[in-house]
Amino acid sequence: MTHGATSEPASSSTLAKSEPPGASPPEAGGRSGPRLVLGKLTDIHTISLLGVLAILILIGGITEPDSFLSTTNLQLVLTQASIIGVVTVGVTFVIIGGGIDLSVGAIVALASVWCTTVATQEFGFWGMAFTAVVVGLGCGLVNGTLIAFGPMVPFVATLAMLASARGLALQITGGTTQNVTVDSVLELSRRDSFILGVPPLVIIFGVVAVLGWLLLTRTTFGRRTVAIGGNPEAARLAGIAVRRQRLMLYALSGLCCGIAAFMLVILTGSGQNTNGNLYELNAIAAAIIGGTLLSGGRGTILGSVLGVLVFQTITNLFILNGLDSAAQQIAQGAIIVAAVLLQRRSATTT
Amino acid sequence: MASAPPPILTLTGISKSFPGVRALQGVDLDVVPGEVHCLLGQNGAGKSTLIKVVSGAHQPDSGEITWRNEQTVIRSPSAAMRLGIATIYQELDLIEHVSVTENVFLGNERSKAGFVRRGSARTATAELLARLGHPEISPDRIVSTLSAAGRQIVSMARALSHDAQLIIMDEPSAVLDPDEVNNLFRIVDSLTQAGVAIVYISHRLEEIRRIGDRVTVLKDGRAVARGLPASTTATRDIVALMTGRDIEHPFPERPEPPTADTSATPALSVQGLARDGEFAALDLDVAPGEIVGLAGLVGSGRSEILETIYGARRPTAGSVHVDGRKLRPGNVIDAVRAGVGLAPEERKAQALFLLESITSNVSISSLPRFSTGGWLDRRGERKAAREHTRELSLRPDNPDVAIRTLSGGNQQKAVLARWLLRDCKVLLLDEPTRGVDVGARAELYALIRRLADQGVGVLLVSSEIPEVLGLADRILVVREGQVVHTAPAPELDEHRVLDLVMEGSPA
């Protein structure tokens with residue numbers, strides 16, 4: 001379904017081929033070659049991610065045939081991937097727009113504890129959901145305002161948010177775990193299957209991913225995001241409201257964090273100030289593995305989704321095989337390096 | 001000059017081509033120790049390519065370089081440095097946030113066992129600065145706190161630190177005020193007395209008369225005159241050598257009667273527009289259907305004027321009206337909304353989204369037109385973009401192709417299509433044919449004229465004087481941020497304009 005995003009270059013390169021030779025000058029005719037290569041390589045990136053994922057599943061199926069391929073385990077992997085996945089969708093937008101958001105993990109923590117305070121829980125399920133989303137959005141707006149109108153370097157502004165949001169989360173909880181007492185939330189957290197065996201959090205992730213994909217490829221918002229990330233000066237001179245667009249990108253990232261925070265509350269039945277630890281690294285890594293250019297201007301939601309799945313599957317495999325988290329982190333680092341090298345190669349060959 | 005020493009540098013038959021441009025075609029040049037050899041030529045004549053060949057930044061396609069009687073290949077700028085060839089570029093290549101000493105010895109650090117010997121470098125820098133007549137500059141000073149003149153001194157100190165035997169200076173006086181120019185000349189004098197050869201590039205003929213020994217004139221990639229005596233050759237002769245192109249671009253004929261509707265509200269009206277330090281109070285009107293050209297040298301404030309009209313720079317005074325409507329100062333979005341379009345000088349850096357398709361590049365300023373509630377009508381967008389690129393005969397005729405694969409001329413057409421799609425009333429063109437090959441130029445000229453015929457007011461900036469003369473209806477000559485002359489294009493010729501932009505030396 002989301003495959004439309006990547007089949008696009010392929011179809012256009014077919015167009016380039018079928019073009020009558022007389023319509024293009026000799027030099028341009030020769031230049032449709034690199035174009036074809038680019039189309040292929042964009043696909044290569046997605047295909048190789050699918051390949052990596054297939055290999056990982058194969059490894060899992062061979063080493064731990066019973067536990068890895070069990071419904072429970074697959075549901076667990078997907079559920080865990082869903083939360084970081086929603087964060088990654090927001091981060092992908094920010095990176096494509098030429099920025100970076102280091103504060104996502106801290107915002108998830110803050111939103112999760114804010115929506116699980118005793119006072120908030122009095123408003124029930126929707127009150128909690130609303131609070132999580134609004135807190136996330138609010139933090140994102142602060143980030144965006146500082147970056148767009150400060151103007152501050154995104155790295156610094158979101159680093160400051162990382163520190164303050166986590167600090168505020170600690171302030172709210174005092175370091176204790178805030179357990180959820182609202183029945184509707186707890187009931188949802190007990191359900192590992194919602195529709196056709198798919199867990200509820202995975203459905204939320206699916207909806208967010210599809211909406212993100214549509215937003216990036218089918219709207220003016222997406223077009224402007226790519227433009228300000230690809231060439232901010234050209235975007236400004238083309239009459240795009242670059243600062244407003246930046247503000248909205250960080251707000252979007254914050255919004256995704258709010259959603260992820262509530263998902264985390266549903267999953268764990270509690271809110272803690274340590275929630276979302278290192279989410280920023282996982283989300284940025286997943287986006288980069290998925291083919292998003294760290295310098296901005298290029299990236300796909302499908303790629304980021306695959307990046308998250310690859311990461312989460314590795315974690316799961318390592319745990320199932322009884323390997324420690326040190327080995328797991330080394331493997332994740334190696335994958336990031338491999339992905340970036342692949343990206344560099346595709347950039348230099350075209 | 002009769003018993004001239006043997007040349008330290010001899011170039012024989014140097015040729016260099018870039019895609020679509022033959023930048024140098026068999027250029028010969030010889031430079032003797034202790035002389036100031038001036039290089040003259042219009043923009044695009046090949047001066048910068050030539051100095052880049054000598055400084056190792058470009059490799060010639062053919063030809064020989066002889067350095068101190070030995071045939072040499074200069075593989076890189078650092079190889080040139082080791083040979084004793086230093087270049088002081090117009091855009092000084094200093095590192096802003098470190099000290100003078102570190103800049104002087106950059107890439108040539110005095111070290112012992114891997115540790116930089118800071119003390120000796122500092123002393124050496126102080127000596128060099130004193131030799132250059134600027135003992136007051138502290139070697140510890142951070143470069144970003146220095147004036148343009150001070151930075152130039154640092155650049156020269158760097159050249160001397162390499163014991164350079166040949167120093168190339170690319171328009172060194174352009175950034176200096178008269179006092180500083182005098183000091184520069186003093187330094188040049190003392191260097192040449194010490195036997196250093198200088199290749200000096202300048203547009204200012206009077207400077208060349210003051211310090212130059214010999215003059216080589218480049219035109220269209222060829223040396224049209226070599227080793228002329230700098231002090232006695234008549235200005236008229238020099239200007240004549242620089243002008244008169246081999247390749248005459250066919251310019252479209254001016255319509256008769258003119259399409260410019262001077263009785264109507266001007267498409268663009270600029271009143272008292274100024275930016276401190278860049279250009280002084282500027283008044284100008286562009287009628288619908290009129291092409292107005294700004295002629296001037298690089299650094300004369302032309303691009304700044306265009307960008308300020310467009311709102312990309314905030315003016316310190318004055319106002320801009322488009323079709324009678326006042327624009328908000330320093331606001332690009334407002335200018336675009338009012339119907340102004342800019343084709344900027346640095347096309348790739350300032351106008352294009354290189355990874356994106358032709359369609360995305362053309363439609364980017366008109367997205368609201370193709371969307372309802374933010375949702376894009378991608379088919380409508382593609383169709384409209386294609387209509388406009390077809391109208392401009394952009395090749396290839398496939399809107400999905402990545403813009404980066406297009407030639408310079410076709411990329412420029414995509415930028416024009418962007419503004420046509422927006423139905424712009426005023427087009428600001430900054431060096432519209434830069435990086436565009438000869439064949440595509442004529443096509444662009446015809447296109448610009450056609451747009452004017454359709455009622456668009458065009459303000460054109462070009463450092464190629466024939467281009468402004470051939471294309472514009474009316475010309476404003478800009479020098480150092482001031483309009484020094486305004487006249488209908490048919491009343492001017494290349495000599496006259498060149499005289500005006502080069503400090504009004506009498507023709």
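Helices (H or I, at least four residues) and strands (E, at least two) are DSSP runs, numbered from the N terminus. The model is predicted: local features need pLDDT of at least 70, side-chain atom pairs count only at pLDDT 80 or more, and totals for chains, interfaces and linings use all residues. Residues are numbered from 1 along each chain as its sequence is written, while chains are lettered from A and ligands numbered from 1 in the order in which they are written.

**Chain A overall**

- Chain A has 16 helices and two strands.
- Of its 350 residues, 50% count as buried; a residue is buried if 20 or more other C-beta atoms lie within 10 Å of its own, exposed if 12 or fewer, and partly exposed in between, with C-beta atoms placed from the backbone.
- Two residues are in contact if their C-beta atoms, placed from the backbone, lie within 7 Å. Among contacts in chain A between residues at least 6 apart in sequence, 79% join residues at least 24 apart.

**Annotated spans in chain A**

- An unreviewed UniProt entry lists "transmembrane region" for residues 44-62, 74-95, 102-119, 125-148, 155-174, 194-216, 247-266 and 301-320 of chain A. UniProt positions are given in the numbering used here, feature names are shortened, and annotations may be inferred rather than shown by experiment.
- Residues 74-95 of chain A are 100% helix and 0% strand, and the end C-alpha atoms of this span lie 29 Å apart.
- Residues 155-174 of chain A are 95% helix and 0% strand, with end C-alpha atoms 28 Å apart.

**A sheet and its helix in chain B**

- Four strands of chain B form an open sheet in the order β14-β13-β16-β17, with antiparallel pairing; two strands pair if DSSP finds at least two bridges between them.
- The edge strands are β14 (279-286) and β17 (325-326) of chain B, each of which pairs on one side only.
- Strands β13 (residues 268-275) and β16 (residues 317-322) of chain B run antiparallel and are joined by five bridges. B:L268 has B:V322 in β16(B) as its bridge partner.
- Helix α9 (residues 302-310) of chain B packs on the sheet, where it touches β13, β14 and β16 of chain B, and its direction makes about 115 degrees with that of β13(B). Axes are lines fitted to C-alpha atoms, for helices over the stretch in contact, and angles run from 0 to 180 degrees between N-to-C directions.

**An enclosed helix in chain B**

- Helix α17 (residues 494-501) of chain B is largely enclosed by the rest of the structure, because six of its eight residues are buried.
- The buried residues of α17(B) include B:E494, B:V497 and B:L500.
- Those buried residues pack against α8 (235-242), β15 (291-295), α16 (465-471), β23 (474-479) and β24 (482-488) of chain B.

**Backbone exceptions**

- Most residues other than glycine have a negative phi, and most peptide bonds are trans.
- The peptide bond from A:G150 to A:P151 is cis, with omega near -20 degrees; A:P151 is in the loop between α7 (124-149) and α8 (154-173) of chain A.
- The peptide bond from B:R395 to B:P396 is also cis, with omega near -5 degrees, and B:P396 is in the loop between α13 (378-391) and α14 (408-421) of chain B.
- B:R68, which is not a glycine, has a positive phi of about 50 degrees. B:R68 is partly exposed, with 15 other C-beta atoms within 10 Å.
- B:E431, which is not a glycine, has a positive phi of about 50 degrees. B:E431 is buried, with 24 other C-beta atoms within 10 Å.
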